[in-house]
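Open the model in your viewer and keep the sequence panel beside it. The stops below are given in the order in which to select them.

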Amino acid sequence: MADKVRWGVLATGGIAAAFTADLVDMPDAEVVAVASRTEASAKAFAERFGIPRAYGEWGALAEDEDVDVVYVATPHSAHRAAAGLCLEAGRAVLCEKAFTLNAREAEELVAIARSRGRFLMEAMWMYCNPLVRRLKALVEDGAVGEVRTVQADFGLAGPFPPSHRLRDPAQGGGALLDLGVYPVSFAHLLLGEPSDVTARAVLSEEGVDLQTGALLSWESGALASVHCSLHGGTPVSASVTGSQGRIDIPGGFFFPDHFVLHRDGRDPEEFRAEPSAGPRTSLKHEAAEVMRAFRAGETESPLVPLDGSLAVMRTLDAIRDRIGVRYPGESDPAGEAGRADLTPV
């Protein structure tokens with residue numbers, strides 16, 4: 001296709017491989033370059049996916065004028081540096097979640113993108129999933145009445161050794177930023193930014209959270225209970241309860257194949273993903289939204305707006321503030337942008 005969007009991939013880990021595998025299967029996408037901290041890793045990745053150019057440092061990819069969009073798949077601790085480098089070089093950027101280590105870094109990225117008129121989006125693929133979008137529309141249309149409570153969990157059984165990335169403070173380790181970002185983002189999708197946050201956690205010897213539970217509250221009276229864990233496999237389920245009904249996602253809530261709507265006085269209604277949507281694990285919906293927005297000349301996606309990503313980062317900061325998790329170089333557990341009252345800016 002003459003209007004293929006040309007992608008660069010920055011990092012060569014598991015999520016980069018999963019996203020690239022979906023990209024190369026899309027007729028309107030072309031992966032033209034990959035970068036890693038080592039040339040050997042970049043070349044191995046390039047050979048695996050048939051990518052023509054492999055760089056052993058990020059700057060070369062950022063400066064490659066044949067690249068339209070860079071997908072940043074590094075650990076959270078490097079998102080600010082990697083995405084900022086690409087934005088400043090004029091590339092559009094899709095940056096993995098959690099968006100950054102803290103809200104301050106997220107605000108810096110958004111400021112760079114907006115000042116240069118460049119596209120930037122957090123890779124919150126859940127928001128681009130057709131069935132999740134259907135659920136959101138039902139809630140907004142009043143299918144369950146006024147939302148009272150939201151519940152969501154994401155836990156892995158582990159165990160993860162101390163040497164693992166998820167246990168490393170220098171790489172933004174812990175359950176919250178890797179797993180908890182999904183339950184928190186699900187609550188934000190339906191209710192927006194909370195007005196108050198309370199949280200408790202079990203911390204590792206390294207100082208990252210192995211298990212965290214948080215209660216988010218809104219001025220409307222709505223509450224959200226979110227949980228994440230690195231030492232206990234959970235159902236990865238979610239529910240939304242309103243004044244007139246409830247929606248249950250029984251498993252894999254951020255990439256569902258079905259959900260059930262329960263309404264007072266009616267039989268349960270099951271909503272299933274369309275066969276055309278492809279595998280439930282597909283990242284293609286996210287890639288398609290980036291390419292749609294890029295072709296349209298948009299600088300952000302209405303499905304994953306930047307102000308929403310900033311709000312999620314403020315909530316994650318507040319949770320870390322409550323549980324006492326601080327990453328190297330931060331001035332306080334919530335980062336310099338942390339605010340106890342969570343008042344939106």
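A polar contact here is a pair of N or O atoms within 3.5 Å; within protein, one must be able to donate a hydrogen and the other to accept it, and residues adjacent in sequence count only if both atoms are side-chain atoms. This is a predicted model, in which local features need pLDDT of at least 70 and side-chain atom pairs count only at pLDDT 80 or more, while totals for chains, interfaces and linings use all residues. Residues are numbered from 1 along each chain as its sequence is written, and side-chain values use heavy atoms, with hydrogens and water left out.

Select Arg 167, in the loop between β7 (147-155) and α8 (175-191). Helices (H or I, at least four residues) and strands (E, at least two) are DSSP runs, numbered from the N terminus. Show the side chain of Glu 206: the side chain of Arg 167 makes a polar contact with it at 2.9 Å.

Is Arg 167 buried or exposed? With a relative accessible area of 13%, Arg 167 is buried (under 20%; exposed is over 50%, partly exposed in between; 1.4 Å probe, protein chains only).

Next, select β7. Strand β11 (residues 238-242) pairs with β7 in the antiparallel sense over 5 bridges; two strands pair if DSSP finds at least two bridges between them. Val 150 has Val 240 as its bridge partner in β11. With β10 (residues 223-229), β7 pairs in the parallel sense over 7 bridges, and there Thr 149 is partnered by Leu 223.
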